[in-house]
Amino acid sequence: MTDGPHRLPPLRFAANALDPVISPRTLQHHHGKHHRGYVDALNALVTGTVWADMSLQETITATRHQVANRKVYNNAAQAWNHAFYWQSLRPGGGGDPPAAIKPLIEAAFGSVKACTDALAAAAAERLGSGWVWLVDHGGQLAVVHTANGDGPATLTCRPLLVLDVWEHAYYLDYQERRAAYVKAVLDKLLDWGFAADNLGQESRRTAMTTEDGGC
Ligand code: FE2
């Protein structure tokens, strides 16, 4: 691990806690190699620079339009997205969302199943590596997907949940069957409570929104 301002956030569950939907091997590799790799690469890039004292959000905002600093942007964005992804999952997840968010889901999609269907459809539509987000756009929920490391900094809406649809998220367990990974995560791991919590944190998430992109 490199020295630097950023740290790999620990997982809030054990390595085997998401099995069999996400195996311990995938979890350890994804968090311990891929996520750690983004954090370490970012630390190596920002140490001794103007970005050294910035948060991940600040670094993403500062570099998102700077072609020459694309590596800084990509690693900061991937570090942020992964931290958000781990919080979007919990053992024994899925099922019925809490009352704080369920009415908004039903208003936007018609039903919880229609919402998870929309998330699955977005995962299928996302060609190549990327992320699928449930977002709040001024009280209206929607599903969007982004490419590579792009995420909240390219959206004008507030993220509530995210699914990682990079191959490294599922290949060891599902090979090329992204849809099977997504369905299992939606049904058994999705932390609706995290989405509900994010609905109540307007100021923190607003900091990640920009004038760019849209929902
Ligand atoms: Fe990932």
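## Salt bridge between the domains

Across the interface of domain 1 and domain 2, one salt bridge is found by the rule. The model is a predicted one. Arginine 70 and aspartate 150 form a salt bridge, with 3.9 Å between their closest N and O atoms. This pair counts because the rule asks for a side-chain nitrogen of Lys or Arg within 4 Å of a carboxyl oxygen of Asp or Glu.

## Domains and their interface

Domain 1 covers residues 24–87, and domain 2 covers residues 102–204. Their C-alpha centres are 20 Å apart. To the contact, domain 1 gives 18 residues and domain 2 gives 24 residues.

The size of an interface is often expressed as the accessible area lost when the parts come together. Between domain 1 and domain 2 about 1700 Å² is buried, and carbon and sulfur atoms supply 61% of this area. On the domain 1 side, the residues that lose the most area to domain 2 are Thr26, Phe84 and Tyr85, which together make up 35% of what that side buries.

## Packing of helices H2 and H3

Two packed helices are described by the angle between their axes and by the distance between the axes. Helix H2 spans residues 56–63 and helix H3 spans residues 70–87; their axes come within 9 Å and cross at roughly 145°. The crossing of H2 and H3 is left-handed.

From H2, the residues in contact are Leu56, Gln57, Thr59, Ile60 and Thr63. They meet Val72, Tyr73, Ala76, Ala77, Ala79 and Trp80 of H3. Of the residues in this contact, eight are nonpolar, three are polar and none is charged.

How values were computed: Residues numbered from 1 in each chain as written. Predicted model: local features only at pLDDT ≥ 70, side-chain atom pairs only at ≥ 80, totals over all residues. Heavy atoms only, no water. Axes fitted to C-alpha atoms, helices over the stretch in contact; angles between N-to-C directions. Helix = DSSP H or I, 4+ residues; strand = E, 2+ residues; numbered from the N terminus. Left-handed = near helix turned anticlockwise from the far one by under 90°. Contact = heavy atoms within 4.5 Å. Nonpolar A, V, L, I, M, F, W, Y, C, P; charged D, E, K, R; others polar. Domains from an automatic or database assignment. Buried area = accessible area lost by both parts, 1.4 Å probe.
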